[in-house]
Amino acid sequence: MNNQVKPTDTQKLLHWIESKLEATRLTPAWFAYREMQKKVLLGAFETDTPPVPTIKLGDKVFACPNCQEASTAGEWNLATSDACGTHEITLIESKHAEESFFTCPKCGSEEDYGLLVVVE
Ligand SMILES: [Zn+2]
């Protein structure tokens with residue numbers, strides 16, 4: 001899994017819900033579709049704007065051996081925790097990082113810490 005945003009077209013979703021509302025009129029399912037429609041109209045499923053990655057002068061960045069793209073420690077940690085489905089990961093800047101694998105934020109490939117190129 002990578003952290004790319006897959007936005008949903010709200011108008012297409014609402015159009016689909018409306019067709020289901022018509023098809024399920026006078027059935028218990030109608031109420032479920034009506035709830036769904038309300039939630040969509042209230043913006044409950046709007047995607048968050050992805051944060052703009054910022055590499056500041058002096059930041060330690062790690063280049064991926066697969067795609068050669070460089071990312072900050074924070075970006076590698078976030079992509080790795082997303083891929084693992086948990087926030088309990090070994091942080092890339094910790095002393096135990098050499099025993100761990102990290103997920104590239106750019107290509108999603110899982111990489112051995114030892115193969116990462118540290119750029120300072
Ligand atoms: Zn990569």
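In what order do the three strands of the open sheet lie? The answer is in View 2.

**View 1. The whole chain of the predicted model.** The model is predicted: local features need pLDDT of at least 70 and side-chain atom pairs count only at pLDDT 80 or more, while totals for chains, interfaces and linings use all residues. Residues are numbered from 1 along each chain as its sequence is written. The protein chain holds three helices and five strands, in the order α-α-β-β-α-β-β-β from the N terminus. Helices (H or I, at least four residues) and strands (E, at least two) are DSSP runs numbered from the N terminus. The radius of gyration, taken over C-alpha atoms, is 21 Å, well over the 14 Å that the globule rule gives for 120 residues, so the protein chain is more spread out than a compact globule. That rule is 2.2 Å times the number of residues to the power 0.38.

**View 2. The open sheet of three strands.** The order is S2-S1-S5, with antiparallel pairing; two strands pair if DSSP finds at least two bridges between them. Strand S2 (70-72) and strand S5 (117-119) are the edge strands, each pairing on one side only. From one strand to the next, the twist averages 35 degrees. Axes are lines fitted to C-alpha atoms, for helices over the stretch in contact, and angles run from 0 to 180 degrees between N-to-C directions.

**View 3. Strands S1 and S2 with helix H3.** Strand S1 (residues 61-63) is joined to S2 by three bridges, and the two run antiparallel. Ala-63 stands opposite Ala-70 in S2. Helix H3 (residues 73-84) packs on the sheet and touches S1 and S2, where contact means C-beta atoms, placed from the backbone, within 7 Å. The direction of H3 makes about 85 degrees with that of S2.

Definitions and conventions: Contact = placed C-beta atoms within 7 Å.
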